[in-house]
Amino acid sequence: MHSHEYWMTKAIECAQQAELVDEVPVGAVIVKDNKIIGSGYNQVVNHSDATAHAEIQAIKNTGKSIKNYRLVNTTLYVTLEPCMMCVGAIVHARVEQVVFGAYDKKTGMAGTCENCFDKPYHNHHVKIIGGILEQDCSKLIQQFFKRRRTDKKAGKISNAVESHQQD
């Protein structure tokens, strides 16, 4: 039986795939019976699809692979705390447990801003564990946005130089 840390490293590998295609580096894997049965990473920009979060991609890919939209007795490992949209998909897919890495102070719905999993009206309840390899997951996202800001500044400098050259 592998540890939560082991599976989170697999989700981090998925997040790194997102970063390679210039997406916010969030990755997810779905585990059942000690093996990965599906995975995904953020593809919002490249697919022009606001719903293409890592968790949604992993749920879709897993459903296709097992030929069932119900992901009973599974654990979803994701590098960032799920948002409201992803909570809904996770509940409807009947994922048993969510293990996440970094807390999301802006949109985290697994306890940071709100706990949308813990609502009495849900017909399915999901176990939540947060903060697994939190520093590694946070660092990945922070470095991505730091690089983005640097690239943006460089672009502004280049544009200013180009417009001076044209004058």
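How much space lies in the second largest pocket? I get about 200 Å³. I work from a predicted model, where local features need pLDDT of at least 70, side-chain atom pairs count only at pLDDT 80 or more, and totals for chains, interfaces and linings use all residues. Residues are numbered from 1 along each chain as its sequence is written, and side-chain values use heavy atoms, with hydrogens and water left out.

My pocket is an open set of points on a 1 Å grid over the protein atoms alone, where a 1.4 Å probe fits, with protein on both sides within 12 Å along at least five of seven lines; lining residues have an atom within 4 Å of a point.

I find 14 residues lining the second largest pocket. Met1, Val31, Asn34, Thr75 and Tyr77 lie nearest its centre.

Next, the largest pocket. I note a volume of about 730 Å³. Its lining has 26 residues, and Val24, Leu80, Asp104, Ile141 and Phe145 are the closest to its centre. H5 gives the largest share of that lining, six residues.

Then I checked cysteines. I count zero disulfides (pairs of cysteine sulfur atoms within 2.5 Å). Cys83 is in no disulfide either, with the sulfur of Cys86 nearest at 3.8 Å.

Note on methods:
Points joined across faces, edges and corners; volume = space filled by probe spheres on them. Helix = DSSP H or I, 4+ residues; strand = E, 2+ residues; numbered from the N terminus.
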